[in-house]
Amino acid sequence: MRAEIISVGTELLLGEIQDTNSHFLASRLPAMGIDLYYITVVGDNLERLKEVIGRAYGRSDLVLITGGLGPTDDDVTREAIAAVLGEEPQVDGALAQQLRQFFASRGISFPERNLKQAWLIPSAVPIPNPWGTAPGWWVEKEGRIIVAMPGPPAEMTRMWEEEVAPRLRQRGRGEVLVSRTLKTLGLGEGHVDELLGELTRSRNPTVAVYARADGIHVRLAAKASGVEEAQSLIAPLEEEVRRRLGPYIWGVDDEALEAVVGRLLREKGLTLAVMESFTGGLLADTITNVPGSSAYFLAGYVAYQPEAKAALGVDMELIRRHGVVSEEVAVAMARAARERAGAHIGVGTTGVAGPDALEGKPPGTSHIAVDYLGQVRTTSYRLYQGRLATKRRGVTAALGLLWRALQEVS
Ligand code: ATP
């Protein structure tokens, strides 16, 4: 099945918001055996939308549209579909009734202009949207399908998961593409590629190596007539990749480093505290984004000035001797965090977030330390791609170092 996606909204063309809807839908199609050929962004303009939908309808089996289903004159997706198919929209009595009830249940009077959201054309059936006022449209004509979904991502993703994807799966035809991503830390892209050797020439499944913020990812992807068959093609290859890269693999697919670290801390019954300088609390923020982190995360201290570090137990003399941005201070911060919070593990981060140099050290200079009951590991590097990127990289490096340290704790 050939598909294309159309995102509707002038805000998208003005760069005011990012087209996350297309990104979401594109990521869902391969495993359903649906081939995506085009993504188009178009503004809230009836003529241009008609042109784009007309072209899509002419060349694709499935056209997925998001946005433009609101009640205002700018929302013209229904008008455009109707015009392309040469059909006349009519208010559907049952939908109008539901809409009136939706407003009444919230104690709001019904604006007549919202009646537009109760429109249907003969080829369309409504797709329920309990999370908003705009029902979607499922349109079938001449063996082709057009699906119109609301623009707000929360409404669109739920409509997709609960209504649209199940209907499309029922028609399932064509080959599915299933992928498995193994995420590694501690090796460069070239080194991973070298260890994979001849595997990277495999055709089905394919093996691809990507450099990402949280390490090097190895993506295995198989095409087959069904999901299980594709998985059984991937399994032996995954085993072989694990045999070659095993100690460096920290997670798979959507797993996040902070969640994996959290799971390890829980399993091992260990607790954690951090003292941050250049990461400014972002490390504690990331760690506590994981549900249940209170089981292992005891405290996060943001000690920005040398005096604040000293007040929390870092030796001022050490700071004077080595500079605040130094491996020695990172180690002292990790120990101070651990001791002050009474945790098993302490992490310290000190660096130059930039854009200016500090103590003659260029922006991006970073030192991170992990102290596990007095056993210390450190990492130091320098890379500058902006202040926020430096902070984020510091967080990933700290979590990576922590993960590595946890590998060695039995
Ligand atoms: P509403 O009923 O809220 O008017 P709608 O179907 O008309 O919904 P739009 O008005 O096009 O949708 O978009 C509503 C909001 O949804 C936008 O302001 C934007 O915040 C978000 N949105 C729309 N399209 C996208 C997209 N492609 N990616 C991310 N967000 C989007």
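Welcome! In this structure, the axes of helix α9 (residues 257–268) and helix α14 (residues 387–407) come within 10 Å and cross at roughly 30°. The model is a predicted one: local features need pLDDT of at least 70, side-chain atom pairs count only at pLDDT 80 or more, and totals for chains, interfaces and linings use all residues. Residues are numbered from 1 along each chain as its sequence is written, and side-chain values use heavy atoms, with hydrogens and water left out.

- Helices (H or I, at least four residues) and strands (E, at least two) are DSSP runs, numbered from the N terminus.
- Axes are lines fitted to C-alpha atoms, for helices over the stretch in contact, and angles run from 0 to 180 degrees between N-to-C directions.
- α9 and α14 make a left-handed crossing (left-handed if the near helix is turned anticlockwise from the far one by less than a right angle, right-handed if clockwise).
- On the α9 side, Leu257, Glu258, Val260, Val261, Leu264, Leu265 and Lys268 are in contact (heavy atoms within 4.5 Å) with α14 residues, including Leu399, Trp403 and Leu406.
- The contact of α9 with α14 has nine nonpolar, three polar and two charged residues (Ala, Val, Leu, Ile, Met, Phe, Trp, Tyr, Cys and Pro count as nonpolar, Asp, Glu, Lys and Arg as charged, and the others, Gly among them, as polar).

**Helices α3 and α4**

- Helix α3 (residues 46–59) packs with helix α4 (residues 77–85) at an angle of about 50°, and their axes are 9 Å apart.
- The crossing of α3 and α4 is right-handed.
- Among the α3 residues that meet α4 are Leu46, Ile53 and Tyr57, while the α4 side includes Ala80, Ile81 and Val84.

**Around the ligand**

- Of the 20 residues around the ligand (a heavy atom within 4 Å), Glu11, Asp19, Leu69, Gly70 and Gly151 come nearest.
- An oxygen atom of the ligand is 2.9 Å from a polar backbone atom of Gly151, and an oxygen atom of the ligand is 3.0 Å from a polar backbone atom of Leu69.
- For Gln18, a polar backbone atom lies 3.3 Å from a nitrogen atom of the ligand.

**Backbone features in loops**

- Most residues other than glycine have a negative phi, and most peptide bonds are trans.
- Asn204 and Pro205 are joined by a cis peptide bond with omega near 10°; Pro205 lies in the loop between α7 (189–196) and β10 (206–212).
- The bond between Gly354 and Pro355 is also cis, with omega about 5°.
- Asp253, which is not a glycine, has a positive phi of about 45°.

Conventions:
A polar contact is a pair of N or O atoms within 3.5 Å; within protein, one must be able to donate a hydrogen and the other to accept it, and residues adjacent in sequence count only if both atoms are side-chain atoms.
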